[in-house]
Each structure stands twice: as structure tokens, then as C-alpha cells.
Amino acid sequence: MSKTRSIFEEVTSEKPTGQLLGNSPNGGLIDQGREDWRRGVATWMKILFAMVALMVVIGGLTRLTDSGLSITEWNVIKGALPPMNEAAWLVEFEKYKAIPEYQLQNKGMELAAFKGIYWWEWGHRQLGRLVGLVWAIGFLYLLATKTIPKGWKFRMVLVGVLGGLQGAIGWWMVSSGLTGRMVDVASYRLATHLGLAFIILGTLFWFIMKLNRSEMSLFQSRRTRNDASARMAKVLIVLAFAQILLGALVAGIDAGRGYIDWPMMGGEFLPSESFDYLPLWTNFFENPALVQFNHRMLGYLVMFAGVFAWYQSRSAGHSKVRIGFKAVMMMLFIQMLLGIFTVLYAAPWYFAIVHQMGAIFVLMLMLQTLFAATYPSEQSVRG
């Protein structure tokens, strides 16, 4: 005779058939057995992201201390060791004395001062080697253990390829200042180098966000994506990236130290010498007046676009999208203030480097907002 059940008894009080057989449910087929690798790969990419971000900061300090041309050769393996004795230091110093930066700008520099700039550049390159090593060890381990799911091998290789390309572009940039009458690297090569660094950061950040969600969650969230908010986020990302490239041009020719008043420039809205260079197109890359003017104007446009995006996003259905655009707008305002103070104080290294770090935060917040609009997470009705 069967046991009488209470009408108030929960239906879920009985165990599912799978549990009666001793097999607990494991979730959807897409995610079975993959949570461990997702956490591991996410941690690996977070380490790479932190190291690349640190490289951007150290690279900025290397530029601000005029240290980037102190090592005149590109030796991936041999260059990993710094000079180990006084004779080795003198050899490196003699190589530096042969380039235009020493002859035209640092004539008479002492060995002790040379060591100071050498360590900045060596540290920057050494960190680049370490990033490559961390990537290679992680990738080879995942490959050997056959824990790379379909679709992720290409993403992992892409990170490595971008990193290798960045090293090659770094040397291409440095080589531009070793001959002729250049006392700095070419500004457009510096912009290429910095731009690719931000592409690598953005790629890693996007992959990390995807790894922090299950594949089933990402698949299901596409049905509720907010296309209008995603478009606004993409526009902001494009504008911000262009502003980062212009900032690199400003840094490359020290344009931030030439006009130290605001909101005017040398008492004018557009400096009268903005188109003095010939041919005309070179003014957009080499004329400090026009380069800084363009950086200011695009900064205002990015700020306006950020405010507009926040205003439009107030009606967005997902709270993370609304919060994301609000955070972007606030960070843009902070970044604009940092830019103004950098100009007013003639671009001292501490303002300039914080301004560069602010660009990282701005772009990552924009990517996070784009992700929230593209892959909305579940939220309560109240949210």
C-alpha cells in the first residue's frame, strides 16, 4: 500500500531519477567538464592582461624619461642579460654615443646617467620577454593536456601572434631613432606600437569576460541583446581608440609641452602655425600645434559622445548597461581633467603617466559595457 502524501508537500522533495541511480545532474551538455578549464584559462589570461597593462605603463615611463633609444640592438635571447661588468657597460655606452640622440641632445652624458636610461629600456624589453614566456608556457600546457576546446585554440594563438608582432613593431619603432637626425623615435611608429598594445589589452579583456560566463549562458543571452546600446558602445570604442593614437602622436613629438594654456592654445583657438610644415599632410603628424589641437578637439568629441550615450542608455532594460554607460561618462570626465592638468603643468611624467593609465580604464569600461549589451546576463525583475 502506497504512503499517503500531504497536499502541502513540495513536489521537489523526491529525488530525480538520476539521483536515485546515484548520478547527480551535471548541467547542460555544452558545459559538461569544462568549468575547470574555463577558470584556468581565465586566470592565465588575467595574468597576461596585468602584465601587458604594466608594459604599457613602463613603456610610457620609458618614453617620458627619454630612455627608449638607450639599447641600440635587438637581441631576443642575448639581450636578456644586462651588462655584467664595467667593460660591458662601456661597450653599450659606446654604441649609444654613435646615435643621433647622444650626439645632438645628450653630448657629454656620464656613464652613470646612461645606466639610468638603460635600465628603463632593458626592463621594458625584459617584461616583454616574460609576457611571451608566460603565454608560451600556458599555451603549450593546455595543448599538451588536450584541454583546449574547439574554437579557443585560434583565440589563444591570436594572442601569441599579436604579442610577437608587437615585439617586431617595437624594434621597428626604436630603429627609426638610430640614424639621421632623429633624437626620438618616429611618432607614427610610436602610435602604431601603442595602438597594438591596446588592441592586445582589449582582446585579452574580451576573452576574459567570455570565459567568466558559461557557454550556455552566452548562447542564451544573445536572444536579449541590446543592439542600440551595443552600437553606441562600438562608436565610443572607435573614438576612444583614435584618441589614444592621437595621444601617442602628442607624446612622440612632445607636443604636450608646447602649449600650456587652456582652453586656448598660445592665446588662440587654433594656433596660427598649425599648417606651417610642408608638405601639408605632415602637419597632422609632426606639427606640435596641430597635433595637440586635434587631440584636444577629439577629446571634446569623445566626452560629448559619452554624455550622449549615457543619456540615451537611461531607458535601457538592463541595469548593467545603464551602469556601464554611467561609469564610462564619469571616467571620461576624469580623463579630460587629467588631460587638462597635464597640459597646464607642461606634461610632467606623473600627470602624463596617470593620463595614459586613465586611457586603459576608459577603453576597458567601454568594452565591458559593449559586452553587457551584447551578452546580457540574467537579472531580476526589479533589476
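The side chain of S187 reaches the backbone oxygen of F285 at 3.4 Å. This is a predicted model, in which local features need pLDDT of at least 70, side-chain atom pairs count only at pLDDT 80 or more, and totals for chains, interfaces and linings use all residues. Residues are numbered from 1 along each chain as its sequence is written, and side-chain values use heavy atoms, with hydrogens and water left out.

**Exercise 1.** Work out whether S187 is buried or exposed.

*Solution.* Step one: find S187 in helix α7. Step two: take its relative accessible area, 7%. Step three: apply the cut-offs, where buried means under 20% relative accessible area, exposed over 50%, and partly exposed in between (1.4 Å probe, protein chains only). So S187 is buried.

**Exercise 2.** Find which residues S187 touches, not counting those up to four places away in sequence.

*Solution.* Step two: list the partners, which are L249, G252, I253 and F285.

**Exercise 3.** Which residues touch the most other members of the largest nonpolar core?

*Solution.* Step one: recall that a nonpolar core is a set of buried Ala, Val, Leu, Ile, Met, Phe, Trp, Tyr and Cys residues joined through side-chain atoms within 4.5 Å. Step two: look through the 76 residues of this core, and you reach M45, M156 and M366. Step three: see M156 up close; leaving aside neighbours within four places in sequence, its contacts include V41, W44 and M45.

Definitions and conventions:
Contact means heavy atoms within 4.5 Å. Helices (H or I, at least four residues) and strands (E, at least two) are DSSP runs, numbered from the N terminus. A polar contact is a pair of N or O atoms within 3.5 Å; within protein, one must be able to donate a hydrogen and the other to accept it, and residues adjacent in sequence count only if both atoms are side-chain atoms.
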